[in-house]
Number of protein chains: 2
Amino acid sequence: MYNYPKPLEKLIEKLSRLPGIGGKTAQRLAFHILSMKDDDAYGLSEAIASAKKDMRYCSVCGNLTDVDPCGICNDAGRDRSVICVVESPRDVAAIERMREFKGLYHVLHGVISPMDSIGPEDINLAQLIVRLRENDEVNEVIVATNPTVEGEATAMYAARLIGPSGIKVTRIAHGVPVGGDLEYTDEITLAKAIGGRREIS
Amino acid sequence: MYNYPKPLEKLIEKLSRLPGIGGKTAQRLAFHILSMKDDDAYGLSEAIASAKKDMRYCSVCGNLTDVDPCGICNDAGRDRSVICVVESPRDVAAIERMREFKGLYHVLHGVISPMDSIGPEDINLAQLIVRLRENDEVNEVIVATNPTVEGEATAMYAARLIGPSGIKVTRIAHGVPVGGDLEYTDEITLAKAIGGRREIS
C-alpha cells in the first residue's frame, strides 16, 4: 500500500479522528490545507491550539469562557433571580441567540444516564445546589434539559433536589414546534402539547 | 447576537473556511476539539503546522513529498523508462494503491483550461520536456490526465510537444468501468469503449 509522506499521513490520520470526517474527507481536507496560503494554514493550527489553551469552564456557571467568571455571570445587567439549567454550552448559545432570556445559566455538562453509568454526582449538579444556597436572590430555576428520557430524569432529579429550598423549579414547555404540522407530529409530543395547553387570554 | 468567546469564535471561523464544512459543522468540530484530550488537540494543531512546513513538491516530478527528490524518484527499483503524467498528487496515490505501475511520475498540478485562463505555461509541463531531454532512458510517456475536456486537451497538447523527440506517448484507456453496466453507461464512454476495443487473444 502506497503511503503518503509522513507529515501528510499524520495530518490525514488526525483529521479523520474528528466526528463526521472519514478517511476520504480527511484526505481532501489535508490536501486543501497543503494548498492553503501559509497564513491561513498556520492560522488554523494556531486557532486550535489557542482555543484549547484559553478556553475554560466558568467556575460559577460551568459555561465555556475565556475569562472567569464568564461574561454572562459578570454582566451586571442580567436578572440574577432566574437561573436556566442546560446540558451543554451549546444550549447556552442557542438560548442566547433568541435574545429573550435575561437571567443566568447553569451548565450541567451532561445528563443523568444510568445506561452510560452517569450518575447525579458525575454532572455539575452539586455546584448548582451550592450556588443556590449562597445566592438567596434566586427565586426560579428553569430546567431546560433536552426532552429525552435522560433529560427528563435529570429535570425530575434536579426539581426534587432543589424543592426543599422553596425555590420555584420550572420546566420548559414541550409541544408542537412553530411552523410544525400536527399531522406529522409524533404522539408523545402531541400528548405533551395537549397536556401543556394554556387558556387563550 | 450572542457571540462565543473570542478564541472559540475564531476557531469556528477558521474551520468553516475548509471545503465542505459549513457553520454548523464548524461549531460541532470546534466543540469537539475543546472536549478532546490536550494531547490530541495540540497534536492536531501541530500536524497541520508541520505538514504545511515539511511538505514540498519534488523538484524532479512535482509530487508532494517531505524529502527532495521524492521517495518514488529516489527508488532505484523503479522502471526509469516509463513516466506517467498525472494532474495531481492525489492521482499518484490512486495509481500507487493499484500496485501495478512500477515507473516514475510527473505531476502537472492542473490541466490546460482556457476557460479558467490556465495555459500550458501555467502547469508543470515545461519541466517534463526538460526532464525527457535530460534522461534518454525514457521511452514511453503515459498521459493519465482525467477524461474531461481539459484533461483530453492537455493530453493532446503534451503528445504534440513530446512527439518530435520520438518518445512513445500513450493515453490510458477509457471505457466501461469494471462492475459497471452497459445500460447505464453514458454515450461518450460507450463510444470510447467501442472505439478502444481489443482483440480477444
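Predicted model: local features only at pLDDT ≥ 70, side-chain atom pairs only at ≥ 80, totals over all residues.
I started with the salt bridge between the side chains of B:Asp38 and A:Lys52, at 3.8 Å, N to O (a side-chain nitrogen of Lys or Arg within 4 Å of a carboxyl oxygen of Asp or Glu). B:Asp38 sits in helix H3 of chain B and A:Lys52 in helix H3 of chain A, so this pair joins two chains. Helices here are DSSP runs of H or I with at least four residues, numbered from the N terminus.

Residues count from 1 along each chain as written, chains are lettered from A, and side-chain values use heavy atoms, without hydrogens and water.

I then found B:Lys52 and A:Asp38 in a salt bridge too, 3.8 Å, N to O.

Next I looked at the two helices, H3 (residues 38-54) in chain A and in chain B. They pack at about 165°, axes 9 Å apart (axes are lines fitted to C-alpha atoms over the stretch in contact, angles 0 to 180 degrees between N-to-C directions). That makes H3(A) roughly antiparallel to H3(B) (over 145 degrees).

Last, the whole interface: 53 residues of chain B contact 53 residues of chain A (heavy atoms within 4.5 Å). The two chains bury about 4,900 Å² between them, 70% of it on carbon and sulfur atoms (accessible area, 1.4 Å probe, lost on being put together, summed over both parts).

Technical notes
Parallel < 35°, antiparallel > 145°, perpendicular 65-115°, else oblique.
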